[in-house]
Structure formats: C-alpha cells, structure tokens
Amino acid sequence: RRPPRSTPKPSSAASDVYKRQENDCLLGDTNGDSMVNVMDIILMVDFIIYETNDYDLDCVDTNGDGTLSILDLVATIGIILGRSDTSDAASSVKLIQSSNSLSFKANGHVSGFQITLKHGPDFSIELNENAWISDYSTNGNTSIVVILNPSDNELFSCNDQFEIVELIAANSNGQIDAMIVKEFSVSDAYPNPFNPTTSMEIVMPLAGEMNVMVYNLLGQSIATLANGYMDAGTYNLTLDASNTPSGMYLLKAEYDGNISTQKLMLVK
C-alpha cells in the first residue's frame, strides 16, 4: 500500500476538488459516486460497526493512518463542510461510566466516539439520538458504538453492566486523549441496622467538593463524614454513633450537583 497521505485542504466545491488517487477515487468517496457527502458518512458507519472490509481503503482512509475509524468520519465531515475553525475543539475527554449508562465531560467540542463494549448475552443498549449519527451493532458479547457530533453529554443507557475494551475519541483535528472514570455513587451502608458503626463506599469520578452529612428526623445534623475538596477516587466512610440514641437517621451525600440519600437505622 502507498504511504499515508495528509488530508488536502478543501475549497469551494467539496464534491470534486480533491485530487483523485491513483485508483481513480476521491478521499472520503465511500460509495464510489465521485462525490463526498452524507451518504459516504453513513456507509462508513456501517463498515465500522459491522466490521466489514468491503471497501477500498485508499478511498475511505481519509486521515491516511491505514485504518478505517471514527477519525476518518470526522475528517470526511471536514471535507464536506470545509471547516477551518477548530478553536472550540476539545483536547481531552473523560467518559463517566455507571452500571447502566455512559456520559462524558470535555474541555471543548468532541466530534465523535468509537467505542467497543464487552457485556453479557442479554445486553441491550439505547443510544442518545441527540447526535448527527448514533449507531451500533452487537455480535454475541461485543457491541461497537459510533457516535458522531453528540450535542449533549449523555451517550447511551443500557440494561446491564459493561466493560469498555476499546475507545477512540476525536475532535476536528484527530484523536484526543480519553479517560474512563466511574460515576459518582454511594454504596448502601453496611451493616444497616447498625450498632454503633456503619460504613459506606463513595466513588468520586472527578476531583471536587464533597459533603456527606447525617441528620436526624428533625433535620438536625448529628455527624459530618466528609466536607470539602476531595481528589477523584474511592473513599470508605464510617459513621460512629456510640453517643447517639437509637432511631432512624438520614445520610445525605452531595457532589457536583448530585445528591444521594439513604436511611440508616441505629438499634442499641
């Protein structure tokens, strides 16, 4: 195969200004109709999620790295739209994973994601449709997800746990750094009922302000388990109610606008 190519600069006629390659095709012309448009994008998505190789790599390898991926989809959009302003492009992104969903936070615009998931046999997924294109395919215990230009931070929800085994995130210039973190969560206190101590595990996906308080049924604070800035990570917090009378109490954890509450029963 010939050496990798750099993507040519667009001009006013995006359908035919790109010089034809030696095999007489245009960069991004996936369907071979001598034009580069949204139909080529849709066909590229099918090639990726169904893992087919029924294409001419010289035509679909828009970014010249020798493979077909979300990076080529983003580069082809650049050909179609002739974009040059990348001032709002994200340089990195954090994917926030829970047991039944995936969302993201970034420091700018993310152009697309290609994600390979491992999961159980009864796994089902619902993609957020607030994107230019969102599609997936499942083969046994593996799903491939492609999301192009998401307009909000929720990527998908699902019915079971999953593992991300491959991830490509892209801005308009190419691949960007991506990190997977766990969603903010508070485990059930154990033991509960308790006497005189009980513990819970808190997962912070990103560093920030954390406040964990315990209240009686009158709304009065009886204990502060955490209050202030905390690094991302997993924390084990313990309530010692040795000097507190038996009764029902409320645990309240707050982080980044998220609130988790649960009832605690102290029995002496």
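1. Aromatic pairs. The structure, which is a predicted model, holds five aromatic pairs, where rings of Phe, Tyr and Trp (its six-membered ring) pair if their centres lie within 6.5 Å, with planes under 30 degrees apart counted as stacked, over 60 as edge-to-face and the rest as tilted. F47 and Y55 make up a tilted pair, at 5.0 Å centre to centre and with 45 degrees between the planes. Within this pair F47 is buried, its relative accessible area being 10%, while Y55 is partly exposed at 24%; buried here means under 20% relative accessible area, exposed over 50% and partly exposed in between (1.4 Å probe, protein chains only). One aromatic cluster is formed by F123, F156 and F162.

2. Basis of the values. Local features need pLDDT of at least 70 and side-chain atom pairs count only at pLDDT 80 or more, whereas totals for chains, interfaces and linings use all residues. Residues are numbered from 1 along each chain as its sequence is written, and side-chain values use heavy atoms, with hydrogens and water left out.

3. L127 sits in strand β4 (residues 125-127), strands being DSSP runs (E, at least two residues) numbered from the N terminus. L127 counts as buried because its relative accessibility is 13%. Setting aside neighbours within four places in sequence, L127 is in contact (heavy atoms within 4.5 Å) with S134, D135, Y136, V145, L155 and F156. The C-alpha atoms of L127 and V146, which are 19 residues apart along the chain, are separated by 9.7 Å.

4. Nonpolar cores. A nonpolar core is a set of buried Ala, Val, Leu, Ile, Met, Phe, Trp, Tyr and Cys residues joined through side-chain atoms within 4.5 Å. The largest has 24 residues, and those with the most contacts inside it are I202, M210, V212, V214, L225, L251 and L264. At least two residues of this core come from each of β11 (197-204), β12 (208-216), β13 (221-230), β14 (233-240), β15 (247-255) and β16 (258-266). Another core, of 23 residues, lies apart from it and includes F104, F113, L117 and V145.

5. Contacts of V214. Not counting residues up to four places away in sequence, V214 touches Q220, S221, I222, A223, L225, L239, Y249, L250, L251 and L264.

6. Lining of the second largest pocket. The largest share of this lining, five residues, is supplied by strand β2 (residues 101-106).

Methods:
Helix = DSSP H or I, 4+ residues; strand = E, 2+ residues; numbered from the N terminus.
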